[in-house]
Number of protein chains: 2
Amino acid sequence: MDIQLKRGLLDVCVLAAIKNNESYGYQIIKDIKPYMEMSESTLYTILKRLENAQMLTVRTAEYGGRLRKYYRITQSGLNRIEEFKDDWKEILSIYRFVTKEDEENE
Amino acid sequence: MDIQLKRGLLDVCVLAAIKNNESYGYQIIKDIKPYMEMSESTLYTILKRLENAQMLTVRTAEYGGRLRKYYRITQSGLNRIEEFKDDWKEILSIYRFVTKEDEENE
DNA sequence: CTTAATACTTCGTGATATGATATATATAGT
DNA sequence: ACTATATATATCATATCACGAAGTATTAAG
């Protein structure tokens, strides 16, 4: 997929991955994989940004001798998903504009 | 609309605006306006980039005492639109992932 | 003992949207 | 005659951001 196109979907994808249950970095990547490839450096950058924007909260816990950071969505994060749904209407109208066939040609 | 989301649609929007007929900067902004706001600095940056990528060609012509630069789409530009249509399937599956409701909750 | 999987972190780079600013002409209003 | 608005393009500085590369550390499998 086009890189620029991905950019607009990354944040909201990560938020969707923790929407129903808290999760941690490595798991999030695996959950998102069927829909979109995301490298670790990209994910952790995004998680940090979403944390700064208070769209998620973090807690650190030990699991099997390793440390994990669990991320939980906040109300702001849920709002962000709702905003995406609003944006979707505009995206659809743009899609139609781009794919519209020329009437007097073709 | 979310800025990051716009990024992925800007190029393809501009290409769509010249898909059927050559056009010029000021006109392109007006044609795109119903779907997306785009400032002049943004548009001319994009036109330059698309020209470098050979997705469009330019010719300069005088019109009413003013110079205009007319942009015409190339085969590469048309291919770019087709690629967007392919990307669209992935975007749809991401949209479903993001908007999917939790079954055991809600 | 080595490889792969798990798990997170940091850094440098390149791409890029946009506001601000500048230049120049034509037209419409007062 | 003056002023404001619309038309038309160009450049620069800035801030944001995705991502590869490289690193640290543990556990499990072969």
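**Entry 1: one cysteine.** I started at A:C13, which counts as buried because it has 22 C-beta neighbours inside 10 Å. For the record, buried takes 20 or more other C-beta atoms within 10 Å of a residue's own, exposed takes 12 or fewer, and partly exposed is in between, with C-beta atoms placed from the backbone. A:C13 sits in helix α1 of chain A. I noted that helices here are DSSP runs of H or I with at least four residues, strands are runs of E with at least two, and both are numbered from the N terminus.

Before going on, I wrote down that this is a predicted model, where local features need pLDDT of at least 70 and side-chain atom pairs count only at pLDDT 80 or more, while totals for chains, interfaces and linings use all residues. Residues are numbered from 1 along each chain as its sequence is written, and chains are lettered from A and ligands numbered from 1 in the order in which they are written.

What is A:C13 in contact with, leaving aside neighbours within four places in sequence? I found A:I32, A:Y35, A:M36, B:I94 and B:V98. Contact means that the C-beta atoms of two residues, placed from the backbone, lie within 7 Å. I also checked A:I29: from A:C13 it is 16 residues away in sequence and 10 Å away in space, C-alpha to C-alpha.

**Entry 2: the two chains together.** In total, 28 residues of chain A are in contact with 28 residues of chain B. On the chain A side, α1 (3–17) and α4 (75–99) each supply at least two residues. α4(A) gives the most, with 13 residues. I sorted the chain A side by type and got 15 nonpolar, 6 polar and 7 charged. In that sorting Ala, Val, Leu, Ile, Met, Phe, Trp, Tyr, Cys and Pro are nonpolar, Asp, Glu, Lys and Arg are charged, and the others, Gly among them, are polar.

**Entry 3: chain A as a whole.** I counted 4 helices and 3 strands in chain A, in the pattern α-β-α-α-β-β-α along the sequence. Its radius of gyration is 17 Å, well over the 13 Å that the globule rule gives for 106 residues, so chain A is more spread out than a compact globule. (That radius is taken over C-alpha atoms, and the rule is 2.2 Å times the number of residues to the power 0.38.) The C-alpha atoms fill a box of roughly 65 × 25 × 20 Å along the principal axes. Buried residues make up 26% of the 106.

**Entry 4: the sheet.** In what order do the 3 strands of chain A lie in their open sheet? The order is β1-β3-β2, with antiparallel pairing. β1 (23–24) and β2 (56–63) are at the edges with a single partner strand each, so one side of each has no neighbour in the sheet. Strands pair if DSSP finds at least two bridges between them. β1(A) and β3(A) are joined by 2 bridges: A:S23 is opposite A:Y71, and A:Y24 has A:Y70 as its bridge partner. β2(A) and β3(A) have 8 bridges, and there A:T60 stands opposite A:K69. Their hairpin has 2 residues between the strands, and A:G64 takes a positive phi near 55°.

β2 (residues 56–63) and β3 (residues 66–73) of chain B pair antiparallel over 8 bridges, with B:Y63 partnered by B:R66.

**Entry 5: the DNA.** Last, I listed what surrounds DNA strand C: 27 residues, the closest being A:G25, A:S41, B:S41, B:T42 and B:G65. Near means that a residue's C-beta atom, placed from the backbone, lies within 6 Å. The elements giving two or more residues are α2 (25–32), α3 (40–52) and β3 (66–73) of chain A, plus α1 (3–17) and α3 (40–52) of chain B. α3(B) has the largest share, 5 residues. By type, I have 9 nonpolar, 10 polar and 8 charged. After α3(B) comes B:Q54, whose phi is positive, near 55°.
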